[in-house]
Amino acid sequence: MASVPTITLNNGVEIPQLGFGVFQIKPEDTVKATTSALEIGYRHIDTAQMYGNEREVGLAVRDSGIPRDEVFVTSKLNNNRLQRDDILRSFDTSLSELGFDRLDLFLIHWPLPAVADYVARWKVMEEIYASGRVRAIGVSNFQPHHLRNLFGATEVRPAVNQVEAHPFLSQDELRAFDADHEIVTEAWAPIARGKVNDDPVIAEIAWQVGKTPAQVTLRWHIQRGDVVFPKSVTRSRVEENFEIFDFELDQSAMAAISALNRDERTGPNPDEFNYIPG
Ligand SMILES: NC(=O)c1ccc[n+]([C@@H]2O[C@H](COP(=O)([O-])OP(=O)(O)OC[C@H]3O[C@@H](n4cnc5c(N)ncnc54)[C@H](OP(=O)(O)O)[C@@H]3O)[C@@H](O)[C@H]2O)c1
């Protein structure tokens, strides 16, 4: 079985660079999908309160026979948890849904800049971190100006910033900002939700190295130093996405993929996204 590299976060915690994402996996399919991923060798699962499948992720991890401290699990604070008590309660609920006494990473899911105070929410995240029930805390979908506002007003530096990133949205400026501040960038929608399959440049590189477009793209992320967690409910794809540690992209292939950037999002722009579920 290939060994997945780890990255050391700014508080010393190690995170596997490749994980399995469970966004849009229905609760009834999540145990099977997560169990497959764990069988294949994934040791990092990315879920969220908003996904509605924490319980099933927890079941799969606990029933896998793999020691709990060998599986890195992330969850994220839902956008409708804005007040301190609500945030603390929702974290307790995440732990009880997962059936864990400790989470590995907990993120603010979206900054919601026009409708909510992300600095105030971060202060509650700091309280949760201080309680010892989560090994690291971070943010998701934060732009540099959101992060700057946190730095001036809070104590704990986010360990990660999870943002949309793929060849068509390379996020170079934001990734450099994260790196300058010892924040690891995690790339969501790493294969642009399958769109990388239709790109002729990626197809050509894939043909040259004898891999698939998804594998080449995931390898590009790994060599850039980001954390990725592609999602799939198809076991053969979950296997395919794991087989990315037996080849390397040379500099010209890396540069050709980076040159595909066209600042194209598959999801919302965090500066404009202010959705609070009912
Ligand atoms: N923080 C945030 O705001 C945020 C937002 C979105 C996502 N995320 C996280 O990032 C994870 C990944 O992002 P994502 O699910 O949006 O997109 P993604 O991983 O880029 O793409 C998933 C899509 O690609 C297909 N696929 C997977 N592997 C493939 C392969 N080898 N070849 C061809 N198609 C393949 C999947 O199909 P099948 O499932 O049908 O096989 C699915 O339709 C999520 O699961 C979630 O954990 C976070």
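This is a predicted model: local features need pLDDT of at least 70, side-chain atom pairs count only at pLDDT 80 or more; totals for chains, interfaces and linings use all residues.
At roughly what angle do the axes of helix 5 and helix 6 cross, and within what distance do they come?

**View 1. Helix 5 beside helix 6 (residues 172-180).** Here is the answer: the two axes cross at roughly 20 degrees and come within 10 Å. Angles under 35 degrees count as roughly parallel, so helix 5 is roughly parallel to helix 6. If you follow how the two helices cross, you will find a left-handed crossing.

**View 2. The residues that join helix 5 and helix 6.** Look on helix 5 for Pro 144, Leu 147, Arg 148 and Phe 151. They meet Leu 174, Phe 177 and Asp 178 of helix 6. Sorted by class, this contact has five nonpolar and two charged residues, with no polar ones.

**View 3. Helix 4 (residues 118-130) against helix 5 (residues 144-153).** The axes of this pair lie 10 Å apart, and the helices pack at an angle of about 55 degrees. That angle makes helix 4 oblique to helix 5. The crossing of helix 4 with helix 5 is right-handed.

**View 4. The residues that join helix 4 and helix 5.** Helix 4 brings Tyr 118, Val 119, Trp 122 and Lys 123 to the contact. From helix 5 come His 145, His 146, Asn 149, Leu 150 and Ala 153. Which classes do these residues of helix 4 and helix 5 belong to? Five are nonpolar, three are polar and one is charged.

Terms used
Residues are numbered from 1 along each chain as its sequence is written. Side-chain values use heavy atoms; hydrogens and water are left out. Axes are lines fitted to C-alpha atoms, for helices over the stretch in contact, and angles run from 0 to 180 degrees between N-to-C directions. Helices (H or I, at least four residues) and strands (E, at least two) are DSSP runs, numbered from the N terminus. Angles under 35 degrees count as roughly parallel, over 145 as roughly antiparallel, 65 to 115 as roughly perpendicular and the rest as oblique. A crossing is left-handed if the near helix is turned anticlockwise from the far one by less than a right angle, and right-handed if clockwise. Contact means heavy atoms within 4.5 Å. Ala, Val, Leu, Ile, Met, Phe, Trp, Tyr, Cys and Pro count as nonpolar, Asp, Glu, Lys and Arg as charged, and the others, Gly among them, as polar.
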